[in-house]
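Here is a short briefing to read alongside your view of the molecule.

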Amino acid sequence: MKGLIIKDIMCLKKQLTTFVYVISGVVVISILYVLSSRFGNLAEVGKVLLDENNNMTQVDVKNLGSMVLIMSMLIPIVSVGDMVNVFIADGKAGFFKVSASLPVSMKKRMLSRFLTIYALFAIGATVDIVLAMVLSSLTDIMGFGSFLGIIVSSASLLSIYSAFLILYCVILGYGKEQYAQYFSLLTIALSFVIIKFKSVKFVIIHVLGDGVGFDSSVFWKPLDYFRQKGYVFLLIALFVSVFSYCLSLYFAERKRGVI
């Protein structure tokens with residue numbers, strides 16, 4: 001099984017090379033951003049927004065800055081863990097034609113693919129944690145605890161996406177990986193809308209509407225939840241991974257030649 005994990009990671013060799021360059025860029029840009037938001041032009045922009053917009057508070061300005069940092073923190077994790085390339089590479093190489101002859105059971109073959117997810121996201125999360133230590137010492141936009149919550153939430157959310165991706169790739173088979181991506185994203189989006197329907201409805205109304213009756217505390221509630229409830233996303237990711245593994249194994253054992 002160890003060999004299968006190494007094989008899957010080698011299928012992502014090009015992504016890992018890109019990952020190194022991405023990390024370098026994110027580190028430089030993030031540090032420049034937090035320095036500018038504290039001492040430079042971005043700090044002046046924040047003051048102008050507060051002076052010219054009566055509805056905007058200091059909390060809103062900080063949350064806008066947090067959104068930018070969140071996007072930058074997502075990049076290292078996203079760039080390292082697109083599991084669809086593993087399925088594409090296996091399909092092109094015809095690996096599924098010989099995998100059944102290996103002295104490794106279907107359970108272990110499937111488990112190795114799920115373990116690859118966590119190995120890759122652990123790499124991305126580790127890099128983000130080190131970056132969070134640096135950024136939290138340079139800015140008052142967010143503390144290390146908030147950074148850590150975002151990292152855990154992001155890695156968990158992407159793990160959920162990858163778990164669904166594996167399931168749909170197994171169900172649809174080789175050549176349908178793009179559809180598997182769409183279905184995975186759609187499943188997550190629908191789940192989020194169902195669970196957080198009121199918050200999502202509020203944000204949509206005030207983004208598309210005229211902002212009458214705007215309540216910033218409610219508007220930023222999804223961000224606060226994402227920042228403070230990382231352990232909830234982690235528990236959900238573990239549940240979804242186990243659920244997806246069991247279903248993927250069920251379909252894989254009945255559809256020979258998919259993994």
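**Aromatic rings and a helix check**

Tyr 250 has a relative accessibility of 43%, so this residue counts as partly exposed. Please bear in mind that the model is predicted.

**The Phe 239 and Phe 243 pair**

- Phe 239 and Phe 243 make a stacked aromatic pair, with 6.4 Å centre to centre and 10° between the planes.
- Both residues belong to helix H13 (residues 230–254), where they sit four residues apart, about one turn of the helix.
- In an α-helix there are 3.6 residues a turn, so residues three or four places apart point the same way.
- Phe 239 counts as exposed because its relative accessibility is 59%, and the cut-off for exposed is over 50%.
- Phe 243, at a relative accessible area of 43%, is partly exposed.

**The Tyr 250 and Phe 251 pair**

- The ring centres of Tyr 250 and Phe 251 are 5.4 Å apart and their planes meet at 80°, so this pair is edge-to-face.
- Phe 251 has a relative accessibility of 27% and therefore counts as partly exposed.

**Helix H8 and the residue after it**

- How does the span of helix H8 (residues 144–172) agree with its 29 residues, and what is the distance between its end C-alpha atoms? At 1.5 Å a residue H8 should span 42 Å, and the end C-alpha atoms are 41 Å apart, which agrees.
- Just after H8 comes Gly 173, which takes a positive phi of about 90°.

Key:
Residues are numbered from 1 along each chain as its sequence is written. This is a predicted model: local features need pLDDT of at least 70, side-chain atom pairs count only at pLDDT 80 or more; totals for chains, interfaces and linings use all residues. Side-chain values use heavy atoms; hydrogens and water are left out. Rings of Phe, Tyr and Trp (its six-membered ring) pair if their centres lie within 6.5 Å; planes under 30 degrees apart count as stacked, over 60 as edge-to-face and the rest as tilted. Helices (H or I, at least four residues) and strands (E, at least two) are DSSP runs, numbered from the N terminus. Buried means under 20% relative accessible area, exposed over 50%, partly exposed in between (1.4 Å probe, protein chains only). The expected span of a helix is 1.5 Å times one less than its number of residues.
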